[in-house]
Amino acid sequence: MTKYKNLTIVRTVAEFREHVNRWRRNGETVGFVPTMGFLHDGHMSLFQRSQEIADRTTASIFVNPKQFGPNEDYAVYPRSEERDAQLMDEDGVDLLFAPSVNEMYPDGGVTKVSVPGLGDILEGEYRPGFFNGVATVVTKLLLQAMPDVAIFGEKDYQQLMVIRRMVKDLDIPVRIEGAPTGREEDGLAMSSRNTYLTPEERKAAPVLYQTISAVADKFRQGERAPELIQWAKVELEKAGFKQLDYLEIRDSENLKPVYDASRPARVLAAAWLGKPRLIDNVEV
Ligand code: AMP
C-alpha cells in the first residue's frame, strides 16, 4: 500500500465522519471538495482555496452512477485513484473519502433530492436526471461529513447555483464557496473529459471559450442576445463544432433570460465537438 506524507484515505462513511468530527471538536475548521477524480489543475485550485479558508482540507472521489444518463459515459469515465491520491498528498489534502458505489447506495438509494426550475433548464434539459443525481449525492456527502465549507468550481456554474439553492432550502449548515474556472493556456476550460478529444478536436476546442467571451463583451457593449447567439452558432460551426445544445445569456443567480447588461449575467454554453461534449461559461 502506498504511504502518504499527509493524506489519509478512508472508504466508509463512518470513518469519513469520524475524522471530520474529531477535527471540528478540536476547534479546527474543515473544507471539503467533492470530485469525480482524474484530477487536473482546476481541481487543485479548489484544494488550494480550501487550504486558504479552512484548517483541514478533505476531498472525495466518487464517480456517481446516479448522475449519468443511460447513454452517457459512466463505464468509461476516466479513473486514476493512485495518481489522484499522490497529487492530493503533494497538495496538502488531509483526507480523501473514496467510497464504493455500495457504500454510498447500500440498498440502491431510492430517496432523491431535486431542485425543480434551476435543475430542469440548460444542462438539465439536455441531461434529464443529471441534477437530481448531483443534488442527491452532494446532499449525502455534506450530511456525511458536515464540513464548515464546501468548494465547487464555477466551471460547472449551473451546478454551483443548484447546490447553493438546495443547501439553502434544506438548511444544510455548510457554507458553499465558488472558485474560478481553471483554464489551459489557450483558454480551454480544464476538464477530466478533455482526454476524450482527438488532437484535431483539441485544437478547435478553445473556440468555445473565445466565442462565449466575445458574446459577453458584445452584450456588455449593448448588442442584443438573439443576434449574438446566432453569430456564435456560426462561429462554432466554422470551427468544427457539430452541434450546439445551448448558448444562452442568463441572470447570474436565477439563470433566467436577461435582455440587457444592467444585472449580473453569465454566458453559458454546451456544444458537441464530434464525440465529446464541452461546457463552459463566463461572466458578462
Ligand atoms: P468533477 O471531478 O469534474 O466532478 O469536478 C469536481 C469539482 O471540480 C466541481 O466542483 C467542478 O466544478 C470543479 N471543476 C472541474 N473543472 C474545473 C475547472 N476547470 N476549474 C475549476 N473547477 C473545476
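These questions and answers walk through a predicted model, from its domains to its sheets and a pocket.

Visitor: How far apart are the centres of domain 1 and domain 2?
Guide: The domain assignment gives domain 1 as 2-179 and domain 2 as 192-283. Their contact takes 21 residues from domain 1 and 18 residues from domain 2. Taken over C-alpha atoms, the centres are separated by 26 Å.

Visitor: In what order do the strands of the open six-stranded sheet stand?
Guide: Pairing in this sheet is parallel. Strand 1 (8-10) and strand 6 (175-179) each have a single partner strand, so they stand at the edges. From one strand to the next, the twist averages 25°. The order is 1-4-3-2-5-6.

Visitor: Which residue of strand 3 is the bridge partner of valine 33?
Guide: Strand 2 covers residues 30-35 and strand 3 covers residues 56-61. The two run parallel, joined by six bridges. For valine 33, the bridge partner is alanine 59.

Visitor: What separation is found between the C-alpha atoms of aspartate 55 and glycine 108?
Guide: Aspartate 55 sits in the loop between helix 2 (41-53) and strand 3. Leaving out residues up to four places away in sequence, aspartate 55 touches Gly27, Glu28, Thr29 and Asp94. Glycine 108 is 53 residues from aspartate 55 along the chain. Their C-alpha atoms are separated by 35 Å.

Visitor: Which strands are the edge strands of the open three-stranded sheet?
Guide: The strand order is 7-8-9, with antiparallel pairing. Neighbouring strands are turned by 10° against each other on average, direction ignored. An edge strand here pairs on one side only. That picks out strand 7 (243-251) and strand 9 (277-283).

Visitor: Which residue in strand 9 stands opposite tryptophan 272?
Guide: Strand 8 spans residues 265-272. It pairs with strand 9 over seven bridges, in the antiparallel sense. Opposite tryptophan 272 stands arginine 277.

Visitor: Which helix packs on the sheet by touching strand 7, strand 8 and strand 9?
Guide: The helix in question covers residues 207-220. Its direction makes about 30° with that of strand 9. This is helix 9.

Visitor: Why is the second largest pocket said to lie between domain 1 and domain 2?
Guide: The pocket holds about 300 Å³ of space. Among the 15 residues that line it, the closest to its centre are Leu118, Met161, Arg165, Glu253 and Asn254. The pocket lies between the domains because its lining takes residues from both domain 1 (2-179) and domain 2 (192-283).

Visitor: Which helix gives the largest share of the lining of the second largest pocket?
Guide: By class, the lining has seven nonpolar, two polar and six charged residues. The largest share is four residues. They come from helix 7.

Notes
Residues are numbered from 1 along each chain as its sequence is written. This is a predicted model: local features need pLDDT of at least 70, side-chain atom pairs count only at pLDDT 80 or more; totals for chains, interfaces and linings use all residues. Side-chain values use heavy atoms; hydrogens and water are left out. Two strands pair if DSSP finds at least two bridges between them. Axes are lines fitted to C-alpha atoms, for helices over the stretch in contact, and angles run from 0 to 180 degrees between N-to-C directions. On a 1 Å grid over the protein atoms alone, a cavity is a set of points where a 1.4 Å probe fits but cannot get out, and a pocket is an open set with protein on both sides within 12 Å along at least five of seven lines; lining residues have an atom within 4 Å of a point. Grid points are joined across faces, edges and corners, and a volume is the space filled by probe spheres set on the points. Ala, Val, Leu, Ile, Met, Phe, Trp, Tyr, Cys and Pro count as nonpolar, Asp, Glu, Lys and Arg as charged, and the others, Gly among them, as polar. Domain bounds come from an automatic or database domain assignment. Contact means heavy atoms within 4.5 Å.
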